[in-house]
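Dear colleague,

Here is the structure I promised to hand over, with my notes on it below. Please read them with the model open beside you.

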Amino acid sequence: MKIIVMGASGHGQVVADVLFQMWTKGREMEIVGFLDDDASLTGTRVMGLNVLGKLADLPAMPHDCIILGIGDNAVRARLYAELTGAGKRFATAIHPSAVLAPDVVVSQGAVLCAGTVINTGGRVGENAILNTCASVDHHSVLGAHSHVAPGVHLAGNVRVGEGALVGIGSCAVPGISIGAWSVVGAGTAVIRDVPERATVGGVPAKPLA
């Protein structure tokens, strides 16, 4: 299976490393290289992989599927919609060190980084990111295009809405709903529901904007 990583910056390199670690554990795949809209990267090598061109060059590149290595949720969601609409297949990247209960469901295009944990009943939506050493307890759901940052801890029955960003080192008590396209600041303790498109931060979480 030939995979192209869309985006060669920091998060794209993390995604490529997850794929590489999967390959070392016996997954049959070939990481073809990166595509990135930074023209200065075209023709260079990143992590030993070629930067083949810009995102728009994808149709000319031999591949079986792609994965988005872009941290910005809105940009990632837009590209996902465009590319699925064009019939592109998406890989799913799960680091070998991730610990998942047998009934966890991970949707296409999602990225689960090193040290992540998802307990029974967990669900990860399309194109979502569960970043390094984040944990998701029982029956919690991460919406499509959401990003749960490194070191976040979500208790049981937490709902993270579509496109929401839960910042590094945050936590949420059981049963909380974090609304679609909301932002939870770094180190926040979420003890009440967060409305859609809200920005909260602090201990406990309070509206910031």
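Why are Arg 78 and Glu 82 separated by about one helical turn? They are four residues apart in helix H2, and that spacing is why about one helical turn lies between them; helices here (H or I, at least four residues) and strands (E, at least two) are DSSP runs, numbered from the N terminus.

Before the rest, two notes on how to read the values. This is a predicted model, in which local features need pLDDT of at least 70 and side-chain atom pairs count only at pLDDT 80 or more, while totals for chains, interfaces and linings use all residues. Residues are numbered from 1 along each chain as its sequence is written, and side-chain values use heavy atoms, with hydrogens and water left out.

Salt bridges

There are two salt bridges, the term being used for a side-chain nitrogen of Lys or Arg within 4 Å of a carboxyl oxygen of Asp or Glu. One of them is the pair Arg 78 and Glu 82, whose closest N and O atoms are 3.3 Å apart. Arg 78 is partly exposed at 45% relative accessibility, and Glu 82 is partly exposed with a relative accessible area of 45% (buried means under 20% relative accessible area, exposed over 50%, partly exposed in between, with a 1.4 Å probe and protein chains only). Lys 2 forms a salt bridge with Glu 30, with 2.8 Å between the closest N and O atoms. That pair links distant parts of the chain, since Lys 2 is in strand E1 (residues 2-6) and Glu 30 in strand E2 (residues 30-35), 28 residues apart.

The two domains

The protein is divided into domain 1 (2-91) and domain 2 (92-200), with bounds that come from an automatic or database domain assignment. Their centres, taken over C-alpha atoms, are separated by 22 Å. The contact (heavy atoms within 4.5 Å) takes 20 residues from domain 1 and 23 residues from domain 2. About 1,600 Å² is buried between domain 1 and domain 2, and carbon and sulfur atoms give 62% of that area; buried area is the accessible area (1.4 Å probe) that two parts lose on being put together, summed over both. Between domain 1 and domain 2 the count of salt bridges is zero. On the side of domain 1 that touches domain 2, the elements that give two or more residues are helix H1 (10-24), strand E5 (65-68) and helix H2 (73-85), and the largest share, seven residues, comes from H1.

His 11 is found in helix H1 and counts as buried at 13% relative accessibility. Leaving out residues up to four places away in sequence, His 11 touches Gly 69, Ile 70, Gly 71, Ile 129 and Asn 131.

Cores and backbone

The largest nonpolar core has 27 residues, and among those that touch the most other members are Leu 130, Val 148 and Ile 178; such a core is a set of buried Ala, Val, Leu, Ile, Met, Phe, Trp, Tyr and Cys residues joined through side-chain atoms within 4.5 Å. Apart from it lies another core, of 20 residues, among them Val 5, Met 22, Phe 34 and Ile 67.

In the backbone, a cis peptide bond joins Val 203 and Pro 204, with omega about -5°, and Pro 204 lies in the loop between strand E23 (199-201) and strand E24 (206-207).

With kind regards
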